[in-house]
Amino acid sequence: PKLVKLKLKCIKPQSLVLETPLLSNFHLALEEANEFKVKEFPHLKNLKLESVNLCSLISMFPSGRTVKKLRVDSMKLKMTGFNFDMLFDVFPNLSYLHMGSGAWKEIENYFHSRGMEGRRGMKGLKEIVGYLVEFDYLTFSFIFSILDNCTNLSDMALVIHKRVDNPTASS
């Protein structure tokens, strides 16, 4: 019960139950979880999630109101419906969001298919880091939408993978 920092990597656990009320820094990497239950983390500030199905994993968290810094990435590109709406429903008080290339691509694809409504939680974001493997003109509209919705954003870093050989990426 006195654990404050935890890094946990699993493939496909049959069952995972966490009761760590003092946890403040948590890194969870797993492909899939059939049964994953967490109790409230009243002190959780930093969270890193890696999964094949981010949407499913995030929906298993009861509430992430105390989380200020979130890092997310998808291990394999799998369109799961991962989007800003569901992210800010669970983690409404984020000030820092770091999206790996898989998470960025999932959210960008969702944006292109359904758009983005301004979420109240997005206004609290002060810093965003995004890793891009693909970059085209559609990516610009996604970036501009983020900038329009994140009115308190003071820092945005986009790391473009060197494999991107596109004149758009250099602009």
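Predicted model: local features only at pLDDT ≥ 70, side-chain atom pairs only at ≥ 80, totals over all residues.
Start with the seven strands, which form an open sheet with parallel pairing, running in the order 1-3-5-6-7-8-9. Strand 1 (5-10) and strand 9 (155-160) sit at the edges with a single partner strand each, so one side of each has no neighbour in the sheet. On average, neighbouring strands are turned by 5 degrees against each other, direction ignored.

At the strand 1 end, the partner is strand 3 (residues 25-30), and the two pair in the parallel sense over six bridges. Within that pairing, lysine 9 stands opposite alanine 29 of strand 3.

**The helices on the sheet**

Two helices pack on the sheet, as set out here.

| Helix | Strands touched | Direction angle |
|---|---|---|
| Helix 3 (residues 101-114) | strand 6 (69-74), strand 7 (96-99), strand 8 (127-132), strand 9 | about 85 degrees with strand 6 |
| Helix 4 (residues 137-149) | strand 8, strand 9 | about 160 degrees with strand 9 |

**The largest pocket**

Now for the largest pocket, which holds about 190 Å³ of space. It is lined by 13 residues, and the closest to its centre are Asn25, Asn46, Leu47, Lys48 and Arg71. Strand 1, strand 3, strand 5 (46-51) and strand 6 are the elements that each give two or more residues to the lining. What classes of residue make up that lining? Five are nonpolar, three are polar and five are charged.

Notes
Residues numbered from 1 in each chain as written. Heavy atoms only, no water. Pairing = 2+ DSSP bridges. Helix = DSSP H or I, 4+ residues; strand = E, 2+ residues; numbered from the N terminus. Axes fitted to C-alpha atoms, helices over the stretch in contact; angles between N-to-C directions. Contact = heavy atoms within 4.5 Å. 1 Å grid on protein atoms, 1.4 Å probe; cavity = no way out; pocket = protein on both sides within 12 Å on 5 of 7 lines; lining within 4 Å. Points joined across faces, edges and corners; volume = space filled by probe spheres on them. Nonpolar A, V, L, I, M, F, W, Y, C, P; charged D, E, K, R; others polar.
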